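Here is a short report for a reader new to this structure. It starts with each chain, then turns to the contact between them and to a few single residues.

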Amino acid sequence: MPGVDLYRNTGPEGSVDYKIYQEKEDKNLEKRTDRKDHELRKMFLKTGVISHAKGSAFIEVGDTKVEVGVYGPREIPKRSDFSMKGILSCEMKFAPFACSTRRGHQRDSEEIELGLLLKECLESTVRMNLYPKSCIDIFVTVLEDGGGVLAAAITATGMALADAQIDMYDNLVGSCISVNQGRFLADPSLDEEVSCSDAGHEQGNITIGYLNTSEQVVCLFSQGVLSSTSMDTALN
Amino acid sequence: MTELLLSESEKTFILHGVQQNFRGDGRTRSEIRPIVMETDIVSHTNGSCHLRLANTDILVGVKTELETPLPAHPDRGRIEFFVDCSANASPAFEGRGGDNLAADISRVLARSYASPEILNLKELCILPGKTCWILYVDILVLEVGGNLYDAVSMAVKAALFSTKVPVVTVSTVDGGEPELDLSDDPHKATRISVQNAPVLVSLSRIGNYCVVDSTPEEENCSSASLLFSVTPKGMLTAVKKIGGGSFQQTSIQAAAKQAVSIGVEVNDKLLQKLQQEEEMGRKREKIGFLL
């Protein structure tokens, strides 16, 4: 069985988050109170937060906190992975206390998927041909999920790679839009991202990784039901 | 995925073919290779489908089991996707090699089917908070001949269409524990509505154009692909970029339009064929694996 942790004592299996028994308060999502629809939340970025790593970055956007550490270029551990182009390896992990419901210590399929997505995003950004026979390891830890996690992780990774003095083609930034009943909300918070989609209307989120100067989209990820015209508008 | 070695001339040939809208096997950029499929062939499952898209071979089995619903959604059933890339499909899948790809495919499927509009999970609830049906969709990749995601999604949709969920009624609640009665007639079953179920359409970017249903050689030439999950109504339930290349914003928008038109057509034809197969009745001759 995938994801079964054989080394840790993970506690009783039948435990349940108490919040499901709470009365769900009807959050008024009709209007944003603290900012306009197209405004982003206040952002805090700092590099050099992990002393042991070659490069690192910490980003805090609203409630979302993500930390990225970059190690490398270093020797390829397995001879079989020899490549003249260099390899990137990206691991993403949510801390168990990061989300509303507790996550396990092992990487589940969502974390594996996001790690792969981030890696593919970096393959067009980092000049891998300058690092033959080496590998660059990127470790992303999400300390708190407050909405727009993938976008924050992409931005932080771009900064951490710059801090590690690794050659890249362009500045990498991540951005996220939530579509809800025809409204386009930039940089959604957790409530706006996960708003109840039981009704028949369109509701979804799109995250992109973007290279600024060359205007290239390096990562595209969407969830929820969207029409193609909404996607077009959201990308714009 | 397999060790495909293409020379520079071969790559240039494929590139030119795509530019002139005439690929190696004679198809245009928007044509899909022939598909052969059959449902209801695995006897121990509630629904199954064996689909062959040129050289890509997928077998899907759907089993329904009784389970307690998730505490957060006591009135809904559940659906879980598991993908197994068999080592027969490619030597790269030996041991744990195919695990990353398998996790990726199952995550994309889970996201495509996540919305309540797609699959009405409330129909699968027997007793709220106590019992519900859980659909285990197990996908076995037998051979990889390019265009894995699309083939898997079509096979899943077909298997769900053919799934027969047994009729379970709740009789008197005896001392707190409900008694479940299974109908005596083994052929009496409810079906799952897949009217809104999506199909994945992957577009590989070769040169300046996007092609649908790429062969392994074409996949080798492409820098990146866009994966769109398209419902019969033309809505997108999951979008993802796969591969290491990058896209211009306008290319993504154009690709989305192309994917939607192809996706709607594929959904339509698929449902047509499934209904045709259904009309042949239970007594039809099962061809099985001798496709």
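What share of the 236 residues of chain A count as buried? The answer is 46%, where buried means under 20% relative accessible area, exposed means over 50%, and partly exposed lies in between (1.4 Å probe, protein chains only).

## Ground rules

This is a predicted model, in which local features need pLDDT of at least 70, side-chain atom pairs count only at pLDDT 80 or more, and totals for chains, interfaces and linings use all residues. Residues are numbered from 1 along each chain as its sequence is written, chains are lettered from A and ligands numbered from 1 in the order in which they are written, and side-chain values use heavy atoms, with hydrogens and water left out.

## Chain A

Chain A holds four helices and nine strands. Both kinds of element are DSSP runs numbered from the N terminus: helices are H or I with at least four residues, strands are E with at least two. Along the sequence the order is β-β-β-β-α-β-α-β-β-α-β-β-α. The radius of gyration of chain A is 19 Å, close to the 18 Å that the globule rule gives for 236 residues, so chain A is as compact as a globular protein of that length. That radius is taken over C-alpha atoms, and the rule is 2.2 Å times the number of residues to the power 0.38. The C-alpha trace of chain A spans about 55 × 50 × 30 Å along its principal axes.

Now take contacts, meaning heavy atoms within 4.5 Å. Among those in chain A between residues at least 6 apart in sequence, 64% join residues at least 24 apart. The accessible surface of chain A is about 12,800 Å², and 50% of it belongs to carbon and sulfur atoms. Such areas come from the Shrake-Rupley method with a 1.4 Å probe; for residues, only the protein chains shown count as cover. Chain A carries 25 positive and 36 negative side chains, with the centres of the two sets 6 Å apart. Lys and Arg count as positive, Asp and Glu as negative; His and the chain ends are not counted. Each charge is placed at NZ of Lys, CZ of Arg, CG of Asp or CD of Glu.

## Chain B

Chain B has five helices and 15 strands. Its radius of gyration is 21 Å, close to the 19 Å of the globule rule for 291 residues, so chain B is as compact as a globular protein of that length. Along the principal axes, the C-alpha atoms of chain B fill a box of roughly 75 × 40 × 40 Å.

Of the 291 residues of chain B, 51% count as buried. Contacts in chain B between residues at least 6 apart in sequence join residues at least 24 apart in 71% of cases. Chain B exposes about 13,500 Å², with 51% from carbon and sulfur atoms. It has 29 positive and 37 negative side chains, and the centres of the two sets lie 5 Å apart.

## Where the chains meet

The contact draws 36 residues from chain A and 35 residues from chain B. About 3,100 Å² is buried between chain A and chain B, 54% of it from carbon and sulfur atoms. This buried area is the accessible area (1.4 Å probe) that two parts lose on being put together, summed over both. In chain A, Glu113(A), Leu220(A) and Val225(A) lose the most area to chain B, together 18% of what that side buries.

Leu185(A) sits in strand E7 (residues 183–186). Leu185(A) is buried, at 3% relative accessible area. Beyond its neighbours within four places in sequence, Leu185(A) contacts residues including Arg32(A), Asp37(A) and Cys176(A). Thr33(A) is 152 residues away along the chain, yet its C-alpha atom is 12 Å from that of Leu185(A).

Gly104(A) lies in the loop between strand E4 (87–94) and helix H1 (109–123). Gly104(A) is partly exposed, at 38%.

## Backbone exceptions

Most residues other than glycine have a negative phi, and most peptide bonds are trans. Glu215(A) has a positive phi of about 55°, and is found in the loop between strands E8 (203–211) and E9 (216–227) of chain A. Ala54(B) also has a positive phi, near 55°. A cis peptide bond joins Gly72(A) and Pro73(A), with omega about 0°; Pro73(A) is in strand E3 (residues 64–75) of chain A.
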